[in-house]
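Dear colleague,

I am passing on the structure we spoke about, and below it you will find my notes on what turned up in it. Please read them with the model open beside you.

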Amino acid sequence: MKPLSPTDQLFLWLEKRQQPMHVGGLQLFSFPDDAPDDYVAQLADQLRQHTEVTAPFDRRLDTRLAQPVWVHDEHLDLEHHFRFEALPTPGRIRELLTFVSAEHSHLMDRERPLWEFHLIEGLGDRQFALYIKVHHALMDGVSAMRMGQRMLSTDPSERNMPPIWDLPAGAGRDSASRPTLWRSIGHLLGESGKQLGTVPTVAREILRTVNEARKNPAYDSIFHAPRSLLNQKITGSRRFAAQSYGMERIRQVCRAFGTTVNDVVMAMCASALRTYLMNLDALPDKPLIAMVPVSLRHDDSAEGNQVGIILASLGTDLVDPVARLMHIHQDVKLAKDRYAKMSSEEILNYTALTLAPAAFHLLTGMAPKWQTFNVVISNVPGPKETRYWNGARLEGMYPVSIAMDRLALNMTLTSYRDQVEFGLIGCRRTLPSLQRMLDYLEDGLVELERAATL
């Protein structure tokens, strides 16, 4: 029996029909060279032999007590959680993304452990896919992606590899490794003794932010996100869109303009959002603001929490793509410079306090003037080496995140080998034809590539 933390309870409380609170991931594989045509069916039979379910996948909710707890499920039905499915013909990526869109729209049964593992055949070119979803109360997105990576190997000859529900002990959660809006606020509310020493620095930086906002309307603070189509109440139907982009293309733009990879992918997102909203005649006059988790690490150490959440202007009011990129670069640098003067504790508390208005509005919808940001853009580092699963080569891995009321679009991306993998999740009704944004991301990168050669 393990009590849920207040933050994890919040994910349960936030969940409703139009707002499922699970995260997911889509992995695309190619058959081993020597694999028979029924390779995926044989793989399904192999997976069914893994009847032992390890923590946290053996846990279900028990809400009979005042505080919900995780308990071992004595009657776990593996057939409910592991599903072997086939795409309809012609089995293109379009059908795969439609499948993920539909499955990601469905709430999970709280009487059972809150996870699903879908093995999907029927893709052309001797490929198959995995779609895995886990409730955010059980595991956050970064932890889920890391666990999915632990299931893989760098050895193409390795076989009989276990699925995520039967990984060895030690593959548990690492949910505190990357703060989110909710975890930052939960951190502020807990460990009160540690927080007191941060008050002077945090107060000084917040006061500086407020003063800058008053003096300079272009300063991107907690007060400047415009109202937009992205920030309405949503339905429960989802659209998932995914695409890979070459890392070297992005690095060439970085070298040309002296920016970071994260700056360029944010500029791609800004361009896509600008074009998408312009085509709907819904582009705000003021620039959209993104909430962006960024790494603040200056060395190769693995210890400590060195991630901050910044609010960055996307420059969507700017026509010139290079001016937009440099605007983003300077805005992110300004936020990083502010954090450079602060300790990890101070960064977390500053984040929690500055994003508190956003949390209140997202939870209640009662403060529309407190539109702190319009969209989430999250870049999660992935493996640099080619990975395999039971001999099958991993071709792409795409994060599937959460859309919420007043936050209808989430743009999450990860790196894998020489690729950047975008996963866009949004409300199907609020954001029609969301898949077109993949073309607009490409257009945004092409614009910068052309400018870099001039």
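**Salt bridges and their surroundings**

Lys333 and Asp337 are joined through their side chains by a salt bridge, with an N to O distance of 3.1 Å. Please keep in mind throughout that this is a predicted model. The two residues sit four positions apart in helix H11, which spans residues 321–340, so about one helical turn separates them. Both partners are partly exposed: the relative accessible area is 41% for Lys333 and 35% for Asp337.

A second pair is formed by the side chains of Glu395 and Arg417, whose salt bridge has an N to O distance of 3.9 Å. Because Glu395 belongs to strand S13 (residues 392–400) whereas Arg417 lies in the loop between strand S14 (409–416) and S15, this pair ties together parts that are 22 residues apart in sequence. Glu395 is partly exposed, at a relative accessible area of 21%.

Arg249 is partly exposed, with a relative accessible area of 24%. Elsewhere, Arg83, Glu116 and Lys133 are linked in a network of salt bridges, and a search of the whole structure finds 17 salt bridges.

Together with Asp320, Asp439 and Asp443, Glu447 gathers in a patch of negative charge on the surface.

In the loop between strand S15 (419–427) and H13 lies Thr430, which counts as buried because its relative accessibility is 11%. Leaving aside residues up to four places away in sequence, Thr430 touches Leu229, Lys233, Ile234 and Ala408.

**The chain as a whole**

The chain has 13 helices and 15 strands, and buried residues make up 58% of its 454 residues. Of the contacts with a separation of 6 or more, 76% are between residues 24 or more positions apart. The chain exposes about 19800 Å², of which carbon and sulfur atoms supply 51%.

Definitions and conventions
Residues are numbered from 1 along each chain as its sequence is written. This is a predicted model: local features need pLDDT of at least 70, side-chain atom pairs count only at pLDDT 80 or more; totals for chains, interfaces and linings use all residues. Side-chain values use heavy atoms; hydrogens and water are left out. Patches are made of residues with over 30% relative accessible area and no salt bridge: like charges are joined within 9 Å, nonpolar side chains (Val, Leu, Ile, Met, Phe, Trp, Tyr) within 5 Å. Accessible areas come from the Shrake-Rupley method with a 1.4 Å probe; for residues, only the protein chains shown count as cover. A salt bridge is a side-chain nitrogen of Lys or Arg within 4 Å of a carboxyl oxygen of Asp or Glu. Lys and Arg count as positive and Asp and Glu as negative; His and the chain ends are not counted. The place of a charge is taken as NZ of Lys, CZ of Arg, CG of Asp or CD of Glu. Buried means under 20% relative accessible area, exposed over 50%, partly exposed in between (1.4 Å probe, protein chains only). Contact means heavy atoms within 4.5 Å.
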